[in-house]
Amino acid sequence: MALNRCPPGGPALITALGKLLQRPELPPDPECGPVVADLVAQVNAEDCIGCARCLPVCPVDAILGAPRFLHTVISAECTGCALCLPSCPVDCIVLHPRAAGDVAPSASDNRARFERHVAREARDRSGQAGLLAARKSTAGRQSCE
Ligand code: SF4
Ligand code: SF4
């Protein structure tokens with residue numbers, strides 16, 4: 001299996017795999033498409049309406065904001081996955097190449113943030129279910145009185 005057929009991983013992945021498997025480094029295979037640049041999301045502050053729709057869709061919680069306030073992307077935590085773009089009703093989130101000197105998050109950091117995101121969502125769902133059950137129980141008691 002060739003080690004040079006993953007455009008998102010690019011040369012860095014080829015180098016890492018080559019070292020791990022002790023195989024020669026090859027240039028990225030052009031048949032697989034162009035190497036994807038390291039992208040990062042940015043919110044256009046003039047257009048953000050503070051709707052907060054972008055917050056839950058970010059798998060690594062790299063967006064900071066609250067309802068009715070300007071939102072912003074923490075570039076050091078953004079993976080450039082683009083999942084937040086469709087959620088924005090005013091199209092004010094854009095992807096651009098990561099600035100020189102702006103270090104991308106590591107795979108292990110991404111994994112840890114994603115796991116925290118999933119755990120928080122599970123807690124939120126459980127809390128909402130508990131609240132709903134308590135309200136139903138209260139409503140049931142009141143209707144019997
Ligand atoms: S591009 Fe991905 S990681 Fe970055 S802010 Fe948007 S959803 Fe989060
Ligand atoms: S979805 Fe767009 S408009 Fe809404 S808070 Fe996020 S960046 Fe701002």
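Reader: Before I look at details, what pattern does the protein follow when read along the sequence?

Author: This is a predicted model, and read along the sequence its protein follows the pattern α-β-β-β-β-α. That corresponds to two helices and four strands.

Reader: And what radius of gyration does the protein have, against a compact globule of 145 residues?

Author: The protein has a radius of gyration of 21 Å, whereas a compact globule of 145 residues would have one near 15 Å. Along its principal axes, the C-alpha trace spans about 80 × 40 × 25 Å.

Reader: What does the domain assignment give for the protein?

Author: The assignment gives domain 1, covering 1-36, and domain 2, covering 37-144. Taken over C-alpha atoms, the centres of domain 1 and domain 2 are separated by 31 Å.

Reader: What share of the residues count as buried?

Author: Of the 145 residues of the protein, 14% count as buried. As for contacts between residues at least 6 apart in sequence, 59% of them join residues at least 24 apart.

Reader: Switching to the ligands, which residues come nearest to ligand 1?

Author: There are 14 residues around ligand 1, and those that come nearest are Ala41, Cys58, Cys78, Cys81 and Cys84. By class, the shell around ligand 1 has twelve nonpolar residues, two polar ones and no charged ones.

Reader: OK, and which residues are closest to ligand 2?

Author: Ligand 2 is surrounded by 15 residues, of which Cys48, Cys51, Cys54, His71 and Cys88 are the closest. The shell around ligand 2 divides into ten nonpolar residues, four polar and one charged.

Reader: Now the backbone: what is the phi of Asp61, and where is its place?

Author: Asp61 has a positive phi of about 50°, although it is not a glycine, and its place is in the loop between β1 (39-43) and β2 (63-64).

Reader: Why does Asp61 count as partly exposed?

Author: Asp61 counts as partly exposed because it has 15 C-beta neighbours inside 10 Å, and a residue would need 20 or more to be buried, or 12 or fewer to be exposed.

Reader: One more residue, then: where does Ala82 lie, and what is its phi?

Author: Ala82 lies in the loop between β3 (72-73) and β4 (93-97), and although Ala82 is not a glycine, its phi is positive, at about 75°.

Reader: Is Ala82 buried or exposed?

Author: Ala82 is exposed, because it has 11 other C-beta atoms within 10 Å.

Notes:
Residues numbered from 1 in each chain as written. Chains lettered and ligands numbered in written order. Predicted model: local features only at pLDDT ≥ 70, side-chain atom pairs only at ≥ 80, totals over all residues. Near = placed C-beta within 6 Å. Nonpolar A, V, L, I, M, F, W, Y, C, P; charged D, E, K, R; others polar. Rg over C-alpha atoms; globule rule 2.2 N^0.38 Å. Contact = placed C-beta atoms within 7 Å. Domains from an automatic or database assignment.
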